[in-house]
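The structure is shown before the notes.

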Amino acid sequence: MRIRRFNKVEQLFHLFLIITFLVQAGTGFSRFFITTAWGKKLSYLFGGYDTSLLIHKWTGGLMIAGFLLHLIYLLSRVNWQNLGKSIFGPDSLVPNLQDARHLWQRILWLLGLGPPPKLERWAYWEKFDYWAVFWGLPLLAVTGLMLIYPLQTCRILPGWALNVAALLHRAEAILAVLYIFLVHFFIGHLRPSSFPMNEAMFAGTVEMEEAMAEKPAWVERLKEEGKLEPATAKPPALWYRIIYYIFGYSALVFGVYLLVNGIIYSPYVRLH
Amino acid sequence: MEKWINRRKGLIPVMIGLLAAMLLFPQAAFSQEEVASAIRRYKEREASTGYYEQYEVRPRHERPFVSIPGVRQGIFPYSPSAAQVRTRNRMADSHLGIKFYRHRRCEDCHIKETRDIHTTRANLTCRQCHGGEPVAGINFYYSPLNPLRRHAYVCAKCHEGSSASFAAYVVHEPAAGAPATKESFPLLYYSYWLMLLLLAGTLAFFIPHSIMVGLRELFWKKGKGGE
């Protein structure tokens, strides 16, 4: 038996984010590393140095649109009659005291000093994943827009703000790329309970046993509220599984390719 | 008529002087902005640059480099060698008197300045902005790179519509994390260290965390399978 974890809209948002993020990482890296042999090769994939920038700008625009759509979606999901519970309740991604407690219990468990925490629907590291994108994307968007429209920006800000914007854009991009390709990929693919691939985001559902093992408090709450029955779902079709395995692994391979080469070639990029 | 001239003899040298001054001062560049209205001058367009009620362009107060407090004080604020460096960027020939200058290349001395985006990415050469020999100091009054007219004479060559504010972009960016940058470009320095701390902090927590989770789950699963 499987229970639903993500609805279709959330899955679409994630798919959109995967594609746009990889395009931005690829085009951004091809420009950042253009002075190295690998960077040149990478830029050919996107039509060269100038076309890379063009793709980067348009994809950035798409990401901003996606973020605004996501904000609208968030507003539609808030239960305005019961605002407090809706924002700080267990179905919300807003961090709360319980997360700090879970973090502490989990560290103890990792060291073999206690039982695992009874996690709710969203674990603290999943919340971190979400909020990292949530504040990282606007930072990249604002600094990116400043760099796309430098003359207009300089009407309100002095020109040296562009130096700072370029630095912030690069630094946040490097942070995002390292986090996603190291930590997020490890959690999603490599750790034993996910290996070879955590299908929750693509299937939209998780195995009952899996949920019981990692998120017991969530399943218990669903049972208590009588929502377990409506939350059950059919397993994904085989053809669909094959598609998302191929897609997921392509994304993984491309990400690791960017990460490994980025690390190898980073000493040769001289931009101060 | 003669009487009139004799009475105003003192005016003639003044008028000659004014004529000479008109010839000597540089002509307005075509790209310089014009006053839009006597009352509301560029309020919207150049709000970032400060006061336009009195002056057409006022770029210099926007330099991000702040002077070091306690150093520029007294009648002789700098040592003789430091003063020489500081006066050089006001000279018509900034390399005047440098030994074997003719046999040297820019990057022999200005190596750091060849490593920013304008040179490594846009493939600009030094001469394209700084001009040919003799290279004028950037603060020399008639230099095209003087902040007074830099946006119009240099930046606008590629960046069409460039304003004085836009020209305050620091082309030869200092190393963002270097201690000296804390004094010269504080915002860049603090942004750099803030982002680096964020990066190091995030990875320092999540990489060991992921490895521990991986190991723990490996043993946990094994234990479970054995039961």
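**Helix packing and chain contact**

H6(A) crosses H8(A) in a left-handed sense, where left-handed means that the near helix is turned anticlockwise from the far one by less than a right angle, and right-handed would be clockwise. This is a predicted model, in which local features need pLDDT of at least 70, side-chain atom pairs count only at pLDDT 80 or more, and totals for chains, interfaces and linings use all residues. Residues are numbered from 1 along each chain as its sequence is written, while chains are lettered from A and ligands numbered from 1 in the order in which they are written.

**H6 against H8 in chain A**

- The axes of H6(A), residues 124-148, and H8(A) come within 9 Å and cross at roughly 150°; axes are lines fitted to C-alpha atoms, for helices over the stretch in contact, with angles from 0 to 180 degrees between N-to-C directions.
- H6(A) is therefore roughly antiparallel to H8(A) (angles under 35 degrees count as roughly parallel, over 145 as roughly antiparallel, 65 to 115 as roughly perpendicular and the rest as oblique).
- Residues making the contact include Trp125(A), Gly136(A) and Leu140(A) of H6(A), and Ala165(A), His169(A) and Ala176(A) of H8(A); two residues are in contact if their C-beta atoms, placed from the backbone, lie within 7 Å.
- By class, this contact of H6(A) with H8(A) has 14 nonpolar, five polar and two charged residues (Ala, Val, Leu, Ile, Met, Phe, Trp, Tyr, Cys and Pro count as nonpolar, Asp, Glu, Lys and Arg as charged, and the others, Gly among them, as polar).

**H3 against H6 in chain A**

- H3(A) packs on H6(A) at about 140°, with the axes 10 Å apart.
- That angle makes H3(A) oblique to H6(A).
- The crossing of H3(A) over H6(A) is left-handed.
- Lys57(A), Gly60(A), Met63(A), Ile64(A) and Phe67(A) of H3(A) meet Leu137(A), Ala141(A), Gly144(A) and Ile148(A) of H6(A).
- Six nonpolar, two polar and one charged residues form the contact of H3(A) with H6(A).

**H1 of chain A**

- H1(A), residues 8-32, has 25 residues and should span 36 Å at 1.5 Å a residue, and its end C-alpha atoms are 35 Å apart, which agrees; the expected span is 1.5 Å times one less than the number of residues.
- The buried residues of H1(A) are Gln24(A), Ala25(A), Gly26(A), Thr27(A), Gly28(A), Phe29(A) and Ser30(A) (buried means 20 or more other C-beta atoms within 10 Å of the residue's own, exposed 12 or fewer, partly exposed in between, with C-beta atoms placed from the backbone).
- The cover over these buried residues includes H2, H3, H8 and H13 of chain A.

**Contact between the chains**

- Chain A contributes 34 residues to the contact and chain B 41 residues.
- On the chain A side, H7(A) and H8(A) each supply at least two residues.
- H8(A) gives the most to that side, with 16 residues.
- The chain A side has 25 nonpolar, five polar and four charged residues.

- Chain A has 13 helices and three strands, and chain B nine helices and zero strands; helices (H or I, at least four residues) and strands (E, at least two) are DSSP runs, numbered from the N terminus.
- Buried residues make up 26% of the 272 residues in chain A and 17% of the 227 in chain B.
- Of the 14 residues of H2(B), the number buried is zero, so H2(B) lies largely in the open.
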